Amino acid sequence: MDKIDLCIIEALTNDARTPFRQIAASLNVSPDTIIDRYNALQEKGIVRGSTIVLNPKEIGYNAMAVFMIDISPTEDGKTQFDSFAILETIIKMKNIIVASKTVGDHDLMAIGVVRDFQHLVVVRDDIAAIPGVKDMEVSFWSEITELSPKYFVI
Amino acid sequence: MWVLWKQLLIYQKEQTNQSGGIRIQAKLDQIDIAIIRALQKDARASFVAIAKSCHVSVDTISKRFKKLKNTGVARGTTVLLNPKSFGCDCVASFGIRSDFSHIQEVLEFLRKIPDIVFSTQTMGRHSIIAIAIVKNVAKLNQVREVIKGHSMVREIITSIWVSDILLCPSNFDLQTIAGDV
């Protein structure tokens with residue numbers, strides 16, 4: 001990555017819809033250069049994509065919750081539960097915004113947005129209903145509901 | 001990069017204070033939802049294409065997008081970066097328990113640590129949840145020791161995120177809100 005790449009990233013982090021012409025003008029290069037560089041950044045996986053940043057509170061989501069999930073080691077003592085399959089199920093659930101396998105006290109971790117306390121219970125029960133989910137710890141908060149996905153994508 | 005996040009955090013606090021806790025919920029219709037869905041996939045999606053799919057004019061789309069930003073439903077648009085490309089290999093979350101009377105003190109302490117990108121007071125198992133993005137596990141351990149060193153921290157549980165973190169911004173259930181209109 002060089003100065004041009006970093007300038008593109010900086011401009012697009014602040015506003016992903018910044019016209020390439022504008023970035024090109026500020027760097028004294030051609031718009032084509034910027035387009036090529038942006039495409040290369042995406043191909044290399046440095047930029048995973050672009051997205052709109054929503055404010056959950058404005059659309060009725062008043063709280064966020066983190067679910068720390070334990071998975072039973074085996075099913076009826078024989079076959080092992082596939083934690084990846086469980087992760088896939090969780091990430092496809094509505095209102096879950098990020099999930100990952102973790103090393104530490106728990107096996108999986110998911111963060112979701114919820115409308116209210118009742119809704120939190122519904123989401124919790126939905127996760128608990130997935131076969132293989134043994135135990136779960138829930139913590140929730142309403143102070144900050146910032147959805148800035150870029151900090152979660154690896 | 002992380003600095004921007006903190007700015008947003010402060011911005012949100014100001015917003016909450018101004019409205020005095022009472023929030024008027026924005027109402028969205030199908031056009032708003034179509035715009036959000038398209039931009040969630042690709043923030044640079046052309047308004048012409050979105051306009052076509054909604055059978056409205058391009059002007060309508062750009063006006064609606066401006067309105068979404070002005071009403072605060074959308075903060076803006078951004079690119080999704082890969083921390084590994086910037087030398088940050090390790091993401092971890094901390095569940096922290098501390099004395100009730102000192103939670104704010106601990107939070108302020110956490111927010112001064114540059115590697116912590118997110119921290120909040122929670123209800124439930126832990127008093128505080130924090131997320132750190134660091135170079136490697138050794139550095140993570142340093143951060144953990146620093147937090148542990150605070151006299152009001154009673155317990156700290158670390159979870160290192162190992163898989164490719166799956167993120168689904170499109171999981172936002174917008175239809176239920178549209179139903180209120």
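This is a predicted model: local features need pLDDT of at least 70, side-chain atom pairs count only at pLDDT 80 or more; totals for chains, interfaces and linings use all residues.
A:D36 lies in helix 3 of chain A. At a relative accessibility of 51%, A:D36 counts as exposed, where exposed means over 50% relative accessible area, buried under 20% and partly exposed in between (1.4 Å probe, protein chains only).

Residues are numbered from 1 along each chain as its sequence is written, chains are lettered from A and ligands numbered from 1 in the order in which they are written, and side-chain values use heavy atoms, with hydrogens and water left out.

The model scores ipTM 0.77 and pTM 0.75. For chain B, the mean pLDDT (the predictor's confidence in each residue, from 0 to 100) is 78, and 75% of the residues reach 70 or more. Residues 1-23 of chain B have pLDDT below 50; beyond near neighbours in sequence, this stretch has 37 contacts in the model. Contact here means heavy atoms within 4.5 Å.

### Chain B as a whole

Chain B has seven helices and seven strands. Helices (H or I, at least four residues) and strands (E, at least two) are DSSP runs, numbered from the N terminus. Along the sequence, their order in chain B is α-α-α-α-β-β-α-β-β-β-α-β-β-α. Of the 181 residues in chain B, 48% are buried. Among contacts in this chain between residues at least 6 apart in sequence, 69% join residues at least 24 apart.

### Packed helices

Two packed helices are described by the angle between their axes and the distance between the axes. Axes are lines fitted to C-alpha atoms, for helices over the stretch in contact, and angles run from 0 to 180 degrees between N-to-C directions.

| Helix pair | Angle | Axis distance |
|---|---|---|
| Helix 2 and helix 3 of chain A | about 110° | 8 Å |
| Helix 1 and helix 3 of chain A | about 80° | 10 Å |
| Helix 3 and helix 4 of chain B | roughly 110° | within 8 Å |

In chain A, helix 2 covers residues 20-27 and helix 3 covers residues 31-43. Their angle makes helix 2 of chain A roughly perpendicular to helix 3 of chain A. Angles under 35 degrees count as roughly parallel, over 145 as roughly antiparallel, 65 to 115 as roughly perpendicular and the rest as oblique. The contact involves A:F20, A:R21, A:I23, A:A24 and A:L27 from helix 2 of chain A, and A:P31, A:I34, A:I35 and A:Y38 from helix 3 of chain A. By class, this contact has eight nonpolar, no polar and one charged residues. Ala, Val, Leu, Ile, Met, Phe, Trp, Tyr, Cys and Pro count as nonpolar, Asp, Glu, Lys and Arg as charged, and the others, Gly among them, as polar.

Helix 1 of chain A, residues 3-14, also packs with helix 3 of chain A. The angle makes helix 1 of chain A roughly perpendicular to helix 3 of chain A. From helix 1 of chain A, the contact uses A:I4, A:D5, A:I8, A:I9 and A:L12; from helix 3 of chain A, it uses A:I34, A:R37, A:Y38 and A:L41. These residues divide into seven nonpolar, no polar and two charged.

In chain B, the angle in the table makes helix 3 of chain B roughly perpendicular to helix 4 of chain B. Here B:F47, B:V48, B:I50 and B:A51 of helix 3 of chain B meet B:V58, B:I61, B:S62 and B:F65 of helix 4 of chain B. Their contact has seven nonpolar, one polar and no charged residues.

### Individual residues

B:H55 is in the loop between helix 3 (47-54) and helix 4 (58-70) of chain B. Phi of B:H55 is near 60°, a positive value in a residue other than glycine. B:H55 is exposed, with a relative accessible area of 74%.

A:N95 is in the loop between helix 4 (83-92) and strand 3 (96-104) of chain A. Phi of A:N95 is near 75°, a positive value in a residue other than glycine. At 6% relative accessibility, A:N95 is buried.

B:R111 belongs to helix 5 (residues 103-111) of chain B. B:R111 is partly exposed, with a relative accessible area of 23%. Between the C-alpha atoms of B:R111 and B:A130, which are 19 residues apart along the chain, the separation is 9.3 Å.
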